[in-house]
Amino acid sequence: MRNGLSRVWTVASKELLDFIRDWRTLVALVLIPLLIFPLFFIALPIFLQGEMSELDYYSLNLEVQIAEGDEFPEQLIQPFIDNNLNYTIENLDDGLTNLSVSGPDAIRLREGTPHVILRLQQTNTNSSESWNYAILYDATSELSSEGNSRMKGIIFDWEQKIIGLTLAEVNLTKQEALDPIHWDGDVSNANVATSAQSAGFALSMFIPMIVAIWTATSAIQPSIDLTAGERERGTMEALLCTPANRVELLYGKWVAVGVVAGTSVLFQLAGLLFAVAFLIPSDIFGMPTLSIWSMASLLLSVLLFAVFVVAVELALAVRAHSVKEAGTVLGPIVIAFIVPAMFAQFVNLEGIEWWWFVAPIFNVCLAMREALLNITDLSHIALWLGSSLFYAFIAVTWAARQFQREDLVESIS
Amino acid sequence: MTRTLLSVREVSKNFGDVEALKTISLDLNKGDIVGLVGGNGAGKTTLLRLLCGLYKPSTGKVVFVDDGGVEHPIHKVRSNLGVVPEATGLYARLTAWENIRYHSRLNNIDDKQAWNRTLRLAQALEMEDDLQRQTRGFSRGMRQKTALLRALSHDPDILLLDEPTGGLDVTSARRVRDLVRKLGDEGRTVIYSTHQLNEAQQVCDRIVIIHNGTLRADGSPSNLMKLTNTDSLEDAFVELTQDESREVETPEPESKFQRFWSRLTTGRKQPPSGESPPSGGEVDA
């Protein structure tokens, strides 16, 4: 027993040393998971903001087409100047069935001359002033889209002013006319959930999915390297000649892959929490407060899931004769983990049927959700714990059988 | 008095329909240096893998006999074996010593003990300065020598060497041969698989010729030459293996669907193992 454990540790520590020596693996399984969420949630918005503000400096050509006999509304001149729009005024083609029909203007817009067209036609209503309008633009041109966006802002402001003037004629304010039933005070004060509870709720919507998906994906590369990779490089034969039995080799490799995948998931979660904490004020989104029971439940569910996933991936990878073949098999298999993990986010926990806690992958994701929400339902815990143990046992037994295969010694090299 | 250390009793090995080894019996004695000689596909590697317990015999058994005469299935006593496979099987990102230490630890050998032993043997092979280098940049010869040190680090009774001088320069090959002879003198049993008949003659006290999965001859080089009435081991080998040789590769287990798919995508039924490819096809040199 002691010898067995010592050999498992020898295999695991050698594999971990081998991983640490490979900087590419460290980048792929540690650095990228750590940076991926900060990149998406912090760097990408900053980058997009920068790109958008770059467009603000462009002076764009606007053509205003106004119906014959209508007077160009002078109050638009200043907003055009403020928004860097060089405008020209033309007559509107009177043959149009409605203002949205682009007609021959489409070609000019596609060529960028002008960037955007504003069509105006005054109408008679009870409002102080009333217009029909259309903004023509080319959505595939960045400058034309920018022109459209600026024009929409100008039209909105103009409309608000007209509404204000129309209401003033009958002695009404905008709030009186448009918001007769209104909220008193700060909306956020009405929510009795603490920031920690809100955090737990929000995180329960995506942490289980991230853990499930990332555990499955981050275990692929090490699983392949330690099995099919060893076969391909011809190191497996020498290893199988040692007194370590094949189950000890499997467990050693399992520990190594589990540590690498677990580290990868932890780094990704750390990156996610950092990004969320950076974006959302702490009074809205605090650190979730979990009971000891919930934390134990969360850790246990992740651990059992990792046992299951890593064993399945090692078993599939060791059947392959080459790294390429293993990659071809394991790539699509990940979908089998990802799809249930995604669907599990949308299962209603209120009045949930018991069998969800037995269904593979769903059970662990739902267990994680309940743990993050501090829900302690003993029947649910018994179901997911029992089923997860069963799946883990089946997966490990199957993996052990694969490691007993005689052809494991064969190498394509 | 000679003592049998490893006994191969009526062992045959089949891979599906392919009979890789046909009922072989062989006793390997303490201190023997046995040359395992045969052409490509003769069954040498299959026999070596049976000897180290990587393959289970289809019939018969391979047993290790301990000092008290008790027999043990070979896969239960692997710590008595040191193996150098043809592929050497070194981890490129580990140093030579780390590779050796990994195997010695799996053999439950203390690091200090393994280091002292490795250093002594490395000096004999003139590679003590390379023990702390990663094996990534090692030449074929360096890899062979590292694999040999790894196989010896736990002081095994039996050493199984698959082409141990393959790729080595003349001086290095001689050092390996000298080391093997020294190990034999120390009472260790060495099974030395090789294509090189001259080398087998120089190193081995006993030659086992395997051909087409059968044991064709077993005796000292001089006995084999006498038996065939020839002047050299090479002539004796040719005389004993005159029938057409086959090229049996160990077939990979294939699912029925994979067989069907191979047939569909190659456009023809695969020839059974051992059959020559059609004229115009490529033949391995």
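Predicted model: local features only at pLDDT ≥ 70, side-chain atom pairs only at ≥ 80, totals over all residues.
**Stop 1**

Colour chain A and chain B separately and show the residues where they meet. On the chain B side, 31 residues are in contact with 30 residues of chain A. The area buried between the two chains is about 2,900 Å², and carbon and sulfur atoms give 55% of that area.

Nine residue pairs are in polar contact between chain B and chain A. Which elements of chain B each supply at least two residues of the side that touches chain A? They are strand 1 (4-15) and helix 2 (96-106). Helix 2 of chain B gives the largest share, five residues. Sorted by class, the side of chain B that touches chain A has 13 nonpolar, nine polar and nine charged residues.

**Stop 1: salt bridges across the interface**

Six salt bridges are counted between chain B and chain A. Select A:Glu406 and B:Lys13 for one of them. Their closest N and O atoms are 2.9 Å apart.

Then select B:Glu98 and A:Arg21. This pair also forms a salt bridge, with the closest N and O atoms 2.8 Å apart. It crosses between chains, from helix 2 of chain B, where B:Glu98 sits, to helix 1 of chain A, where A:Arg21 sits.

**Stop 2**

Widen the view to both chains. The structure holds 31 salt bridges over all chains. For one within chain A, select A:Glu248 and A:Arg7, whose side chains meet in a salt bridge at 3.5 Å, N to O. A:Glu248 lies in helix 11 (residues 246-279) of chain A and A:Arg7 in helix 1 (residues 2-21) of chain A, so this pair ties together parts that are 241 residues apart in sequence. A:Glu248 is buried, with a relative accessible area of 11%; A:Arg7 also counts as buried, at 11% relative accessibility.

For one within chain B, select B:Arg105 and B:Asp111. The side chains of this pair meet in a salt bridge at 2.7 Å, N to O. B:Arg105 is partly exposed, with a relative accessible area of 28%, and B:Asp111 is partly exposed, at 25%.

**Stop 3: B:Arg206**

Centre on B:Arg206, in strand 9 (residues 206-211) of chain B. B:Arg206 is buried, with a relative accessible area of 14%. What lies 2.8 Å from a polar atom of its side chain? The backbone oxygen of B:Asp27 does.

Show the surroundings of B:Arg206, leaving aside neighbours within four places in sequence. Its contacts include B:Leu26, B:Asp27, B:Leu28 and B:Asn29, and also B:Asp32, B:Ile33, B:Val34 and B:Gly35. Further along the sequence, B:Asp218, B:Gly219, B:Ser220 and B:Pro221 are in contact with B:Arg206 as well.

**Stop 4: the domains of chain A**

Colour chain A by its domain assignment. Domain 1 covers 8-42 + 193-409, and domain 2 covers 56-180. The C-alpha centres of these two domains lie 55 Å apart.

Select A:Thr166, in helix 5 (residues 142-169) of chain A. A:Thr166 counts as buried, at 19% relative accessibility, because the cut-off for buried is under 20%. A polar atom of the A:Thr166 side chain lies 2.8 Å from the backbone oxygen of A:Ile162. Beyond neighbours within four places in sequence, A:Thr166 is in contact with A:Asn126, A:Ser127 and A:Ser128.

Finish at A:Ala202, in helix 7 (residues 195-218) of chain A. A:Ala202 is partly exposed, with a relative accessible area of 24%.

Note on methods: Residues numbered from 1 in each chain as written. Chains lettered and ligands numbered in written order. Heavy atoms only, no water. Contact = heavy atoms within 4.5 Å. Buried area = accessible area lost by both parts, 1.4 Å probe. Salt bridge = Lys/Arg side-chain N within 4 Å of Asp/Glu carboxyl O. Polar contact = N/O pair within 3.5 Å; in protein donor to acceptor, adjacent residues only side chain to side chain. Helix = DSSP H or I, 4+ residues; strand = E, 2+ residues; numbered from the N terminus. Nonpolar A, V, L, I, M, F, W, Y, C, P; charged D, E, K, R; others polar. Domains from an automatic or database assignment. Buried < 20%, exposed > 50% of the residue type's maximum accessible area, 1.4 Å probe, protein only.
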